[in-house]
Amino acid sequence: MAPMASAAQTGPLSTDEQPSSTDTGLVGQALLDAGHIFKTHEVFSVNGDGNRTINENFPHPGDFDAVVSFGSFSHIYEIDDDWIAREIQYIAMLHQQGIPYLGICFGAQLLAESLGGRTVRADKIEVGLINFDPGYTCPIAPGPWFSWHSDKVELPDHVDVLARTAIAPQVFHSGRSIGVQFHPEVDAELMEEWIRIGGHELSGIISIDDFRRDWA
């Protein structure tokens, strides 16, 4: 799955502004239902021949009211390509300019890196439906939320952690930037695509049938 940097802008919806990827799931649909224009930027994609195309020409931040970055099967600490540094710099710029940013899973890890934190491998994979203990200032319901990650963020003291599980921080924010480790965007189509791509990660942890049943 390719990392996604997606941007939303308030305004009348036009037919040529539809999202180009299903990776935005329920989050993209909610923005569309609310009448926002929603554009997607795919950082890298793989064509039918298996060749990868990288697009580091991120949208100008001043053109958007908010930016959302979605998930990936990649691990930040294993990536040596230039695009990862460019995306982290882009998110840091959004934060510095006060443009609202939501990072989901990999997008949250990118935010952590841009704020001076780091991403490390978690003690174990956190997958399936989770509930967490929110702090008293956390505006997000404690669950159940869909989760699938084997990494976690380590955050500097100036970043507020609003909710966590025993495995990883789940909600954190600084200024107008917020990261969530779980996946509020997942619908049935997106979940099935992830199972196709990375279902091998679930072996010995949860059966695919139980995985589908719990989500349903």
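I count a contact when heavy atoms lie within 4.5 Å. With that rule I looked at the protein chain: among contacts with a separation of 6 or more, 67% join residues 24 or more positions apart.

**Ground rules**

I am working from a predicted model, so I note that local features need pLDDT of at least 70, that side-chain atom pairs count only at pLDDT 80 or more, and that totals for chains, interfaces and linings use all residues. Residues are numbered from 1 along each chain as its sequence is written, and side-chain values use heavy atoms, with hydrogens and water left out.

**Confidence**

I checked pLDDT, the predictor's confidence in each residue, from 0 to 100. The protein chain averages 85, and 89% of the residues score at least 70. Confidence is lowest in strand S1 (residues 4-9), with a mean of 47, and highest in strand S12 (residues 177-180), at 97. Residues 1-21 have pLDDT below 50, and that stretch has 84 contacts in the model beyond near neighbours in sequence.

**Whole chain**

I find 5 helices and 12 strands in the protein chain. For burial I use relative accessible area: buried is under 20%, exposed is over 50%, and partly exposed is in between (1.4 Å probe, protein chains only). Of the 216 residues, 48% count as buried.

In helix H1 (residues 25-33) I list Gly25, Val27, Gly28, Leu31 and Leu32 as buried. Just after H1, Gly35 has a positive phi of about 90°.

Helix H2 (residues 82-96) is 15 residues long. I compared its span with the expected one, which is 1.5 Å times one less than the number of residues. From first C-alpha to last, H2 reaches 21 Å, close to the 21 Å expected. Its buried residues are Trp83, Ile84, Glu87, Ile88, Tyr90, Ile91, Ala92 and Leu94. I noticed that Glu87 is on that buried list. After H2 comes Gly98, again with a phi I can call positive, near 75°.

**Cysteines**

How many disulfides are there? I looked for pairs of cysteine sulfur atoms within 2.5 Å, and the count is 0. Cys105 has 5% relative accessibility, so I put it down as buried. Cys138 has 14%, so it is buried too. Cys105 is in the loop between strand S6 (101-104) and helix H3 (106-114). Its phi is near 55°, a positive value in a residue other than glycine.

**Aromatic rings**

I paired rings of Phe, Tyr and Trp (its six-membered ring) if their centres lie within 6.5 Å; planes under 30 degrees apart are stacked, over 60 edge-to-face, and the rest tilted. The structure holds 7 aromatic pairs. Phe146 and Phe211 form a tilted one, with 5.5 Å centre to centre and 50° between the planes. This pair links distant parts of the chain: Phe146 is in strand S9 (residues 145-154) and Phe211 in helix H5, 65 residues apart. Phe146 is buried at a relative accessible area of 5%, and Phe211 is buried at 2%.

Why do I call Trp148 and Phe211 edge-to-face? Their ring centres are 5.5 Å apart and their planes are at 85°, so the pair takes that label. Trp148 lies in S9 and Phe211 in H5, so this pair ties together parts 63 residues apart in sequence. Trp148 is buried at 6% relative accessibility. I also note that ring pairs link Phe146, Trp148, Trp194 and Phe211 into a cluster.

**Pro144**

I looked up Pro144 and found it in the loop between strand S8 (133-134) and S9. The peptide bond from Gly143 to Pro144 is cis, with omega near 5°.

**Glu201**

Is Glu201 buried or partly exposed? At 25% relative accessibility, I count it as partly exposed. Glu201 is found in the loop between helix H4 (188-198) and helix H5 (208-215). Leaving aside neighbours within four places in sequence, I see Glu201 in contact with Phe73, Ile125 and Trp148.

Definitions and conventions
Helix = DSSP H or I, 4+ residues; strand = E, 2+ residues; numbered from the N terminus.
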